Amino acid sequence: MSTPTLHAITVLGHDRPGIIAEATGRLSGLGLNLEDSTMTLLRGHFAMMLLCSGSAAGPAIEEALAPLAADGTLTVTVREVPEETAPTTTGSSWVLTVHGGDRPGIVSAVIAEVARVGGNITDLTTRLAGDLYLLLAEIDLPAAADVDALESAIRTAATALGVGATLRPAEADEL
Amino acid sequence: MSAGPAGPDARVAAWTEAELAVEGRVLEVVRVPEPVLSTPGPLVDPTAPETVQLAADLVATMRVSPGCVGLAAPQVGVSAQVFCVDVSAHPKTRDHHGTFVLCNAEVLEASRNEKAREGCMSVPDFTGDVKRATRLVVRGALPGTGEQVEITANAFEARCLQHEIDHCNGFVFLDRVAGAHAIHARKTYL
């Protein structure tokens with residue numbers, strides 16, 4: 001038996017009931033194990049990413065998933081990826097919320113401030129509803145980061161765009 | 001001990017594990033997917049010697065576990081309706097009842113829900129956003145004497161009580177998270 005490999009699979013396109021059942025059923029049929037997955041609807045478009053491990057090779061996975069894309073409304077990509085170990089952090093976790101009137105450049109301007117201090121985005125969602133634009137991000141900041149200065153820089157960037165921004169700790173309560 | 005509890009709450013606030021008169025043992029904390037964590041615990045006789053020993057063991061294990069503010073019997077591998085709580089040293093705590101153990105606890109009243117992120121020694125690799133009542137009335141029995149008590153708890157202590165009562169009923173916080181994206185990989189470990 002060959003060494004297990006890890007494959008990243010993306011499925012994007014027109015939403016309909018049964019996509020996940022079909023995709024995961026076909027992967028299960030190849031003996032693959034889903035290690036991590038996320039799926040959401042982006043303005044009604046189906047968007048799913050899966051990481052699966054097993055002994056099936058990339059071409060075999062592509063072949064198994066091909067029927068999903070047969071009607072042309074879904075795009076499926078398969079690519080082998082290396083194992084990554086998420087390091088534990090000595091820094092701190094934060095939640096950034098930005099909301100305001102929609103205009104181009106909100107995400108880039110605000111997130112640039114996070115990048116400037118070496119902050120790492122670990123989760124990000126943006127939504128547009130009517131004229132309201134909303135950004136939610138989970139951020140890891142290095143232990144040496146000056147959070148007050150970052151918060152001030154984020155507020156300045158947000159104010160220039162006419163939106164509001166808040167940065168708050170994402171500590172979990174241990175129970 | 002808190003400045004405030006009066007009436008029935010004063011009895012709980014005055015309780016300490018010294019009343020149990022047995023030495024607590026430090027037990028191993030089990031983790032999901034251990035089946036005991038998903039099994040509703042049976043009611044116990046709060047005056048039975050094994051319940052008294054279990055109560056002492058829970059407090060002893062909580063005391064040596066960094067950051068631990070509560071521990072339920074299923075977390076030490078025992079399917080039973082017993083848990084201990086002590087939120088007195090937690091920075092988010094307002095008023096509280098110090099250290100206490102409750103047997104056969106049930107929620108009588110719950111209101112004012114708030115969402116917050118929880119972690120659990122039995123689920124070490126995840127945290128999750130959970131909505132819980134911040135005003136709570138709980139009834140249970142004290143181990144040893146078997147006295148029936150009612151506790152009016154709020155804020156962090158109320159959250160802790162609900163988390164531990166859930167354990168006794170075979171639920172972990174993963175069963176209560178607020179949505180599909182409400183689970184997070186833990187980044188720091190106590």
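Helices here are DSSP runs of H or I with at least four residues (strands are runs of E with at least two), numbered from the N terminus. This is a predicted model, where local features need pLDDT of at least 70, side-chain atom pairs count only at pLDDT 80 or more, and totals for chains, interfaces and linings use all residues. Residues are numbered from 1 along each chain as its sequence is written, chains are lettered from A and ligands numbered from 1 in the order in which they are written, and side-chain values use heavy atoms, leaving out hydrogens and water.

**View 1. A loop of chain B holds a cis peptide bond and a positive phi**. Let's start with P33(B), which sits in the loop between helix 1 and helix 2 of chain B. The peptide bond leading from V32(B) to P33(B) is cis, and its omega is near 10 degrees. A21(B) lies in that loop between helix 1 and helix 2 too. It isn't a glycine, yet A21(B) has a positive phi of about 60 degrees. For background, most residues other than glycine have a negative phi, and most peptide bonds are trans.

**View 2. D57(B) and R25(B) join up in a salt bridge**. A salt bridge means a side-chain nitrogen of Lys or Arg within 4 Å of a carboxyl oxygen of Asp or Glu. In this pair, the N to O distance is 2.5 Å. The two partners come from distant parts of the chain, 32 residues apart: D57(B) is in helix 2 (residues 49-64) of chain B, while R25(B) is in the loop between helix 1 (8-14) and helix 2. Over all chains, the whole structure has 17 salt bridges.

**View 3. Chain A meets chain B**. Here 17 residues of chain A touch 24 residues of chain B, where contact means heavy atoms within 4.5 Å. About 1600 Å² is buried between the two chains, and carbon and sulfur atoms give 48% of that. Buried area is the accessible area (1.4 Å probe) that two parts lose on being put together, summed over both. D173(A), E174(A) and L175(A) supply 55% of what chain A buries against chain B, more than any other three residues. There are two salt bridges between the chains. R117(B) makes a salt bridge with E138(A), with the closest N and O atoms 2.7 Å apart.

**View 4. Helix 3 and helix 4 of chain A pack together**. Helix 3 (residues 106-116) and helix 4 (residues 147-161) of chain A pack at about 165 degrees, their axes 9 Å apart. Axes are lines fitted to C-alpha atoms, for helices over the stretch in contact, and angles run from 0 to 180 degrees between N-to-C directions. That angle makes helix 3 of chain A roughly antiparallel to helix 4 of chain A. Angles under 35 degrees count as roughly parallel, over 145 as roughly antiparallel, 65 to 115 as roughly perpendicular and the rest as oblique. On the helix 3 side, I106(A), A109(A), V110(A), E113(A) and V114(A) meet L150(A), A153(A), I154(A), A157(A) and L161(A) of helix 4.

**View 5. Helix 1 and helix 2 of chain A pack at an angle**. Helix 1 (residues 19-29) and helix 2 (residues 58-65) of chain A sit at about 140 degrees, with axes 9 Å apart. These two helices of chain A are therefore oblique to each other.
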